[in-house]
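Reader: Could you walk me through this structure step by step? I am new to reading models like this one.

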Number of protein chains: 2
Amino acid sequence: MQRIFFNEVVTRDGFQIEPEFVPTDTKVELVNALSLCGYAKIEVTSFTSAKSIPMLRDAEEVMGRIQRVPGVEYTVLVPNVRGAERAMESKADEFNLVMSTSETHNLANLRMPRENSFAALKDVVAMAAGAVPINVSLSACFGCPMEGVVPQEEVIAWADRFATLGVRGLTICDTTGMAYPSQVSRLCEALQTRFPGLQLTLHFHNTRGMGLANVLAAARQGVDRFDGSLGGLGGCPYAPGASGNICSEDAIHMLEAEGYQTGMELAALLPIARQLPEIVGHQVPGQVAKAGRILDLHPEPSFLLDVRSKFA
Amino acid sequence: MQRIFFNEVVTRDGFQIEPEFVPTDTKVELVNALSLCGYAKIEVTSFTSAKSIPMLRDAEEVMGRIQRVPGVEYTVLVPNVRGAERAMESKADEFNLVMSTSETHNLANLRMPRENSFAALKDVVAMAAGAVPINVSLSACFGCPMEGVVPQEEVIAWADRFATLGVRGLTICDTTGMAYPSQVSRLCEALQTRFPGLQLTLHFHNTRGMGLANVLAAARQGVDRFDGSLGGLGGCPYAPGASGNICSEDAIHMLEAEGYQTGMELAALLPIARQLPEIVGHQVPGQVAKAGRILDLHPEPSFLLDVRSKFA
C-alpha cells in the first residue's frame with residue numbers, strides 16, 4: 001500500500017484570496033484542529049508584507065499561538081530575506097519559496113522577471129542554509145494563463161537550478177488548473193527520474209474540473225506528496241467563479257478508496273470542513289463534506305415500509 | 001485515436017430535479033442548439049406521468065417540436081408500456097428503460113421490487129421489438145446509498161437478463177456518485193468481456209468529486225460512450241448541495257486534452273452551457289464554462305508594461 005503525505009494549505013493559499021479578514025483566533029483554532037487529522041505538513045501563513053496580503057498580516061501571532069503537534073511540519077511562505085528573518089523568528093519548520101516557470105506569470109504575480117525572483121530566493125536559501133529546510137513551489141508548471149504551454153524542459157531547468165542550491169523539496173504547481181492527467185504523468189515521471197533525492201509535492205487546482213483526475217495520475221506515477229485546501233477553498237484570479245485548489249478531503253477520500261494509505265482521519269476532518277462556509281461566509285466547492293463518504297449510508301425512507309407491504 | 005460518443009441528458013436528468021418549470025420553448029431551443037454540437041445522442045425527455053415529474057409534462061410537445069439533426073439519436077426515458085406507447089407515437093429513436101441493481105434503491109426510487117420492474121420493462125422490450133432499439137440504464141451499479149456495496153456479480157446478473165431479452169445497449173449508472181476509479185476499471189473490464197456486442201455507456205455523478213477521474217478510468221478501459229449533463233446540472237436527493245451528473249463540457253474538454261476524439265464542438269457548446277444559470281435560475285457546477293478551455297489564453301494585465309520597463 002503506497003503511503004501518501006498530505007499538506008494542508010487552506011489557511012494560507014485558501015484564505016489569501018478571501019475578501020473578508022478571518023480573525024486570528026479562528027485561524028489558530030483551525031490550524032489546531034487540522035493538526036490532529038493526520039497531515040504531514042500544514043502551510044500556516046505567509047511572511048509577505050501586510051500591505052500586499054492583508055489577510056495574512058497576523059502571521060507572527062498565528063505562528064506564535066498555534067499548538068504544534070509532533071510529527072506535523074508547520075511550513076510558511078517566504079517571499080524574500082526580510083520574510084525569511086520573520087519566519088526564522090517564528091520558528092517555522094520549513095520555508096516555502098515561490099516563483100513561476102513562466103516569465104509572463106512571474107511578472108504578473110511577483111512583479112519582477114524570473115531571474116530577479118531567482119536571485120532573491122537564492123539569498124533566502126543562503127540565509128536559511130542548514131538551519132531550516134527549504135521547499136520551492138514552482139508556479140504555472142503545466143501552463144501559463146497568458147503564455148499558454150510551458151515546456152517540460154523549462155520546468156526541469158528551473159528545478160535544476162534550485163536542486164543545485166540544495167533545497168529539500170520542490171512543489172510542482174498547476175497554479176491555474178491547466179494540467180490534464182497524461183501531461184501530469186509525463187512531467188512526474190521526468191521529475192522523479194531526474195531528482196530522486198528531492199521531496200516532490202504536486203499542487204493542483206480544480207479550475208477545469210480535472211483536479212482529482214490529476215491527483216490520481218500523479219499518485220499512480222508514484223508521487224506521494226500533495227497540497228490540498230480544505231473545502232477546495234482558494235480561487236483563480238483568471239477565472240472568476242471557478243474552483244481553486246483541489247479540495248483536501250475530496251482528494252483524501254478518493255485516495256483512500258483507491259487503496260492508498262494517507263494517514264488521515266477523514267472522520268475528524270469532515271466536521272472541520274463543514275465549518276468553512278461559516279468561517280468565510282460563502283459556500284465552498286468541496287463535495288465529500290456535503291455528500292458524506294461513500295460508506296456513510298443513508299437510512300431507508302419511511303415509505304419503504306408501505307411499498308414493501310404492498311408487494312409482500 | 002479512440003473515438004468517444006457523448007450522450008447529453010440535461011433536458012431529462014438535469015432538469016428533472018429543478019423546482020421551477022422550464023418553459024417548453026426553452027427546452028426545444030436548448031435541444032436544437034445541442035443538436036449542432038456533435039452529440040451522438042440526446043436524451044430529450046421522459047414519458048413518465050405528468051403527476052410524478054411535472055417538469056417533463058410537455059414530453060410530447062418537446063419531441064414534436066425539436067428539429068432533428070441527421071446522425072443524432074433522440075432517446076427518451078420510458079418507464080412502462082403506457083410510456084412506450086407515447087414514446088412510439090413521438091417517434092423517439094431509442095427507448096431508455098431504468099431499474100436499479102439494488103433492491104432498496106429500486107423500492108425507494110421506483111416504488112416496487114426489482115422483479116416487478118424487470119417484468120414491466122420486459123413488456124416494453126416485447127412491445128418495441130424490432131421497431132425501436134432499447135437501452136437499459138441500470139442504477140446504483142457502484143453502490144447503493146442505503147445498502148452500500150452492490151456486488152459486481154449482481155450488476156452482471158441484471159445485465160445478463162436484459163442482454164438475453166435482446167436489448168441494444170446498457171448504461172451502467174453511478175446514480176449517487178459512489179464509484180471510484182479502480183472500481184470503474186474492474187466493472188468495465190468485466191462488462192466488456194461478457195457483453196462484447198452490447199453498446200456500453202457509463203453514467204457518472206460527481207457527488208464526491210470523482211466524476212472525471214471515473215470517466216477517464218472507463219475511457220482508458222476502452223469504454224466509448226458516456227452520459228453527461230450540460231453544466232453538471234442534476235442533483236442527488238441523498239446529498240443536498242452536492243453536485244449531480246458529471247458536467248458534459250468538462251468531461252469532453254478533459255477527453256479532448258487526453259487525445260480522445262469526441263466529435264464535439266466545444267466552441268459551440270460552451271456558450272450554450274453559459275446560458276444555463278439563467279435558464280434554471282441558479283449557478284451550476286460546471287467549471288470549463290467559467291474558466292474557459294486550457295488553451296483560451298488571457299491577455300496580459302496592462303501593468304506588465306510598467307513592470308517590464310522597470311527591469312529593462
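Author: Happy to! A nonpolar core is a set of buried Ala, Val, Leu, Ile, Met, Phe, Trp, Tyr and Cys residues joined through C-beta atoms within 7 Å. Keep in mind that this is a predicted model.

Reader: Which residues touch the most other members of the largest nonpolar core?

Author: That core holds 198 residues. Those that touch the most other members are A:F95, A:L138, B:F95 and B:L138.

Reader: What does B:L138 touch, leaving out residues up to four places away in sequence?

Author: Among its contacts are B:M99, B:T101 and B:V155. The list also includes B:W158, B:A159, B:L170, B:T171, B:I172 and B:C173.

Reader: How are α9(A) and α10(A) oriented to each other?

Author: Their axes come within 10 Å and cross at roughly 45°. Angles from 65 to 115 degrees count as roughly perpendicular and those under 35 as roughly parallel. The two helices, α9(A) and α10(A), are therefore oblique.

Reader: Which residues of α10(A) meet α9(A), and how many residues of the contact are charged?

Author: From α9(A) come A:L212, A:V215, A:L216 and A:A219, and they meet A:D250, A:A251, A:M254 and A:L255 in α10(A). The residues of this contact divide into seven nonpolar, no polar and, for charged, one.

Reader: Which helix gives the largest share of the side of chain B that touches chain A?

Author: The contact takes 50 residues from chain B and 50 residues from chain A. On the chain B side, helices including α5, α8 and α9 each supply at least two residues. The largest share is four residues, and it comes from α10(B).

Technical notes: Residues numbered from 1 in each chain as written. Chains lettered and ligands numbered in written order. Predicted model: local features only at pLDDT ≥ 70, side-chain atom pairs only at ≥ 80, totals over all residues. Axes fitted to C-alpha atoms, helices over the stretch in contact; angles between N-to-C directions. Parallel < 35°, antiparallel > 145°, perpendicular 65-115°, else oblique. Contact = placed C-beta atoms within 7 Å. Nonpolar A, V, L, I, M, F, W, Y, C, P; charged D, E, K, R; others polar. Buried ≥ 20, exposed ≤ 12 C-beta atoms within 10 Å, placed from the backbone.
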